[in-house]
Amino acid sequence: MTEHENIRISSSTDGDINRLVASFAQHEPSFASLGTPFLVDTETTDALIRMGAGVVPKLEAALVSDDPKIVMYVAYCLGLIGDDTALPTLQHTRAKYIDREPKQQYDFAVISAINKAEERLLSK
């Protein structure tokens, strides 16, 4: 991480990060033909990913959100940031969504996003 990147991360307040994460609730992901949402980069995901590993603890904390769209996008960001310290938290969150009954609209999308994040983290 360059000195410039460190400055950008340290200048990002917890409020900025929380605001970015909360905005995921307003994102409507595109849907594939089978009805499964797929995630693409947005200005918000790009901003969080550029913050790098320094934002991982805040993103891990956001995985407990009651809003599955937030969880889905946070998992996506964690996979792209590439810090494998997030694996245990991602795996715990996936287990929660697998066990949840009755299933809700985005549950399988969350599981899929976590699976993809885990694949990225394990393949690095």
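These are my notebook entries on what I looked up in this predicted model.

**Basis.** I number residues from 1 along each chain as its sequence is written.

**Overall layout.** I find 7 helices and 2 strands in the protein. I take helices (H or I, at least four residues) and strands (E, at least two) as DSSP runs, numbered from the N terminus. From the N terminus on, the order is α-α-β-β-α-α-α-α-α. I looked up burial next: 45% of the 124 residues are buried. Here buried means under 20% relative accessible area, exposed over 50%, and partly exposed in between, with a 1.4 Å probe and protein chains only. The accessible surface comes to about 6800 Å², and carbon and sulfur atoms hold 54% of that. I note that these areas come from the Shrake-Rupley method with a 1.4 Å probe; for residues, only the protein chains shown count as cover. For contacts (heavy atoms within 4.5 Å), I considered residues at least 6 apart in sequence, and 71% of these contacts join residues at least 24 apart.

**Nonpolar core.** I then turned to the largest nonpolar core, which has 36 residues. Such a core is a set of buried Ala, Val, Leu, Ile, Met, Phe, Trp, Tyr and Cys residues joined through side-chain atoms within 4.5 Å. Residues with the most contacts inside this core are Val-21, Leu-48, Leu-59, Met-72, Val-74, Leu-78 and Leu-90. Two or more core residues come from each of H2, helix H3 (43-51), helix H4 (56-62), H5, helix H6 (87-99) and helix H7 (107-123). H5 gives the largest share, 10 residues.

**Aromatic pair.** I find 1 aromatic pair in the structure. Rings of Phe, Tyr and Trp (its six-membered ring) pair if their centres lie within 6.5 Å; planes under 30 degrees apart count as stacked, over 60 as edge-to-face and the rest as tilted. Phe-24 and Tyr-73 have ring centres 5.0 Å apart and planes at 10 degrees, so I record the pair as stacked. Phe-24 lies in the loop between helix H2 (14-23) and strand E1 (30-31), and Tyr-73 in helix H5 (residues 68-81), so the pair ties together parts 49 residues apart in sequence. Phe-24 is buried at 0% relative accessibility, and Tyr-73 is buried at 3%.

**Salt bridges.** I count 4 salt bridges, each a side-chain nitrogen of Lys or Arg within 4 Å of a carboxyl oxygen of Asp or Glu. One of them joins Asp-14 and Lys-58 at 3.4 Å, N to O. This pair links distant parts of the chain, with Asp-14 in helix H2 and Lys-58 in helix H4, 44 residues apart. Asp-14 is partly exposed at 45% relative accessible area, as is Lys-58 at 30%. Arg-100 forms a salt bridge with Asp-107, with the closest N and O atoms 2.5 Å apart. Arg-100 is partly exposed at 23%, whereas Asp-107 is buried at 0%.

**Around Pro-102.** I looked up the peptide bond between Glu-101 and Pro-102, which is cis, with omega about -5 degrees. Pro-102 sits in the loop between H6 and H7. The side chains of Glu-101 and Lys-103 meet in a salt bridge at 3.7 Å, N to O. Glu-101 is exposed at 60% relative accessible area, and Lys-103 is partly exposed at 26%.

Definitions and conventions:
Predicted model: local features only at pLDDT ≥ 70, side-chain atom pairs only at ≥ 80, totals over all residues. Heavy atoms only, no water.
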